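Dear colleague,

Please find below a structure that I am passing on to you.

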Amino acid sequence: MKKTLITFFALLPVVAFSQPAIQKSIALSSSFDAGHVLMPTSSGGYAIFGRQTPAPGAMTDVFYLQVDAQGNQVAYKKYGDGNASETFGKGVAALQNGWLLVGSKTVIGSTGWLLRINAAGDMLWSKTVASTNRINQVVPLPDGRLLATGQSNTGRMFLMELTEDGTIVWQQNYTSGEGRDLYVTMGGNACVVLGGTQIWKIHLSSRQLQWEQPVVPPPFGPTNRTEFFVLNGIVQVEKGQFAIIGSAYTDLITELHSGHFAAVWSESGTPLWQKFLHETTNSSYDQNEGFSIFALPNTKTILFAGSDDGKIAVTRTDLKGKIVEDTEITAPGAILGLSLIKNAGFYAMTGAVLTGSVNTYFYRSGSNDLAKSTAPQNMSEQGNRAENFRVMHQPDAARLTVETSATVEREGVFQLLDVSGRLVWEKKVRLATGDNRIELETGKLSPGLYWLRDLRGDTPARAFVQP
């Protein structure tokens, strides 16, 4: 049976020789760093954009990392004020001589943030955008301007048209929610915006809402219900149709079931098909999440990338949902997020990988055929785990019970990470040789998915849902 977890890809010349696939964990910080967006560069390498935290509880900064085709670091810069936290989701637009990044800046409250850097990574300017909490995505318009979405300071999804110098042309709020991703339809007269659990279509000339629809996943898991559901990406697959990807979770105290959700909709607001990829009925711990989506128009297929029991899982389907190819890639650790592209004949990914700490992940395939790429290089060995680590979540009692074994008496370092891989807290406990039972409070956690791990143990991280 298959299971899954958290991933991104790129076309080759006609003649291609199979090479070893490359994957690396790139540590930019001793505490936390994660790649969010990957873009090809003219030199044949990649620009990776992400965020990092130097220490637990410290302010978050945004970074730009340039690597060559082998994943070797060429340039690296970070951006942020010492008294604020800056972050972004997937909002990067390639411009002439550089990029525009969108995100948020937090001092006391959160405000939408724009950052312009040149091709060398030098900051040209940055500014905040009034009446916004976050800006999550930005895409080019046919006239050369840009279109962005996010959440307003009144909790509504907004659209914003702007120029390359950051001038706001217009900004309009719509219904309750948060724009997480979007694309502009063929012809440029409308856009489709993806929220956490809903979709909007907006006519751009009139700025009028054409329709809004919730996304309701099919029955899921052993109880046929979804406790937590989130959409992560959208892409147009052909005229009048788009694909979406996300994850569903059901937490049964001693069991966590997660599902890699995939669907294709028409631009009239009707789902054409939807399903969960991979198995979702493991009796103990089923990790299976969907993170990134990429369309291949020439073959009329779609790549759905996520994680499956700690491995990267990439499923290729046709436009009707038939699975054409299923590929798994063993990563150096648990994948906590992923972004996939395909460019110049190679698939490439960035994200976050959980090893000794959470660090930036890089992958490039060895050929134009992802399934036939040879074994990745620079992998750490997982080995046979001799210790056990079990998490039982009881939200009604605001408590998390950890049952773990230790081969010798030692100190355990429990770290709680949110769904993006950010460290929420760290606690040190003394573990005796043999079985141990530890109680942890969860009442103050915000709703969402969390990961708990023992930094010094030889066990995988475990996830649970806080309702």
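Predicted model: local features only at pLDDT ≥ 70, side-chain atom pairs only at ≥ 80, totals over all residues.

The largest nonpolar core consists of 18 residues. Within this core, Ile 312, Leu 338 and Tyr 361 have the most contacts. Two or more residues are contributed to the core by each of these elements: strand 24 (288-296), strand 25 (301-308), strand 26 (311-318), strand 28 (334-343), strand 29 (346-354) and strand 30 (358-364). Another core, of 17 residues, lies apart from it, and Tyr 183, Trp 211, Phe 220 and Phe 276 are among its members.

Leaving aside neighbours within four places in sequence, Tyr 361 is in contact with a number of residues, including Ile 312 and Leu 338. The contacts of Tyr 361 also include Gln 23 and Lys 24.

Ala 21 is located in strand 1, which spans residues 20-26. Ala 21 counts as buried because its relative accessibility is 0%, the cut-off being under 20%. Ala 21 and Ser 365 are 344 residues apart in sequence, yet their C-alpha atoms are 4.5 Å apart in space.

Asp 418 belongs to strand 34, residues 410-418. With a relative accessibility of 13%, Asp 418 is therefore also classed as buried. Beyond its neighbours within four places in sequence, Asp 418 is in contact with Val 424, Leu 449, Tyr 450 and Trp 451.

Yours sincerely

Technical notes:
Residues numbered from 1 in each chain as written. Heavy atoms only, no water. Helix = DSSP H or I, 4+ residues; strand = E, 2+ residues; numbered from the N terminus. Buried < 20%, exposed > 50% of the residue type's maximum accessible area, 1.4 Å probe, protein only. Contact = heavy atoms within 4.5 Å. Core = buried A, V, L, I, M, F, W, Y, C linked by side-chain atoms within 4.5 Å.
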